[in-house]
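Thanks for coming. Please look at the sequence and the model while I talk.

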Amino acid sequence: MMIESSRESGRKLISGVADYARHFGPWQIHWQPQGVQGLAAPLADHQFDGLLVRDVAVVREFSSVGIPIVAFTYLTEGIDGTVVVDVDDKGIGEAIARNVLSRGFRHFAFCGQKGAPWARKRGACFDDVLKSSGYATDQLWIDLSSLDRKNDAEQLKNACEWLHSLPKPVAIMTANDDAGQWMVQACQSAGLRVPDDCSVIGVDNDPVVCGVCNPPLSSIAIDQYQAGYRAAAALDKLMRGEKPDDLKITAQVGELVIRQSSDIFAVEDVAVSKALRFMQENAHRPVTVDEIAQASGLFRRGLERRFRDQLGQSIQKRSRELRAAHLAKLIVETQMSLEEIAEESGFSQASHLTRFFVSVRGETPSEFRKRSHAQS
């Protein structure tokens, strides 16, 4: 198994593989986090029954000698019989685009890793959603693998100039959390405020990277655990001479976790901004549209009209979404029972909470908790 463990995505893949092996093994796993180093001789002697690898060169070399392979890479087109594990990049770009649109942004940008097909796809899907809503996306491509200090300084200088050229406030999607952390630092170097001037969102929801970022980085999770588990199941079938259920396994999009780097509403209308802030601050309890209108300083009908003009949705729909987001945090981040969450959140019964959550999120609180913990 050649999967790195330096990032959350790799650790989740490994965890999924390990659990499958524990459930249906026993397997003897030879793990090399940094690639083929240390496994060259056994590989050459074909001492393995199967391979789980990121390195496309290994895939190309050993796919022709009959060793079953599952590849965690985008670069395996044309290699017959290889099971490929990829990520729902389209879903990632679309989810982030919908989030920043719902927060009232009108200016958007994308920062991606040079030469990375997955980054190009995420950026393109982000841009497609925004184009369909009538907006354009500025793009910046960086090389985070560079070890050249001079190039790094030049790259940061270019990024600062690019950031200053963007209209503000701007919502910036970054291709992954590494790029997100780098972008937050670039904003600070440029003298720009995060999230007030530049709202930044990453991908992978790596708790270490997001946590060391200042301010903490918002990020969308990817269900790499299930992808790893399914990858191991596919390899198991290949090693037993059976045909796997699918030759392509896709890691699905998880929850978009909002932290300080993007926790802002970019709405020019003062009344709508007040209404949004009131809804967010009171998401722990039921509120009426009349209460929201009173907090905004407008009559209900006037606020409804401005709300639709600014955000393209009703006050009630946004209020329900914010309330469901608050419940989702309690469900995932605490050990409270559904009965306790219901009581704390103004529901008379847990069943009422469940019906509300399903109506907004499309799954029960128990299903959401189970799925979210599986991704952790």
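Asn-205 lies in the loop between β7 and α8; helices (H or I, at least four residues) and strands (E, at least two) are DSSP runs, numbered from the N terminus. The phi of Asn-205 is near 50°, a positive value in a residue other than glycine. Asn-205 is buried, with a relative accessible area of 14%; buried means under 20% relative accessible area, exposed over 50%, and partly exposed in between, using a 1.4 Å probe and protein chains only.

Asp-204 is found in strand β7. Asp-204 also has a positive phi, about 120°, although it is not a glycine, and it is buried at 17%.

A word on sources: this is a predicted model, where local features need pLDDT of at least 70, side-chain atom pairs count only at pLDDT 80 or more, and totals for chains, interfaces and linings use all residues. Residues are numbered from 1 along each chain as its sequence is written, and side-chain values use heavy atoms, with hydrogens and water left out.

Now the sheet. It is open, with 6 strands in the order β5-β4-β6-β7-β8-β10 and mixed pairing; two strands pair if DSSP finds at least two bridges between them. β5 (137-142) and β10 (253-257) stand at the edges with a single partner strand each, so one side of each has no neighbour in the sheet. Strands β6 (residues 170-174) and β7 (residues 198-204) pair in the parallel sense over 4 bridges. Val-170 has Cys-198 in β7 as its bridge partner.

Last, two cis peptide bonds. One joins Gly-25 and Pro-26, with omega about 10°. Another joins Asn-214 and Pro-215, with omega about 5°. Pro-215 lies in the loop between α8 (207-212) and β8 (218-222).
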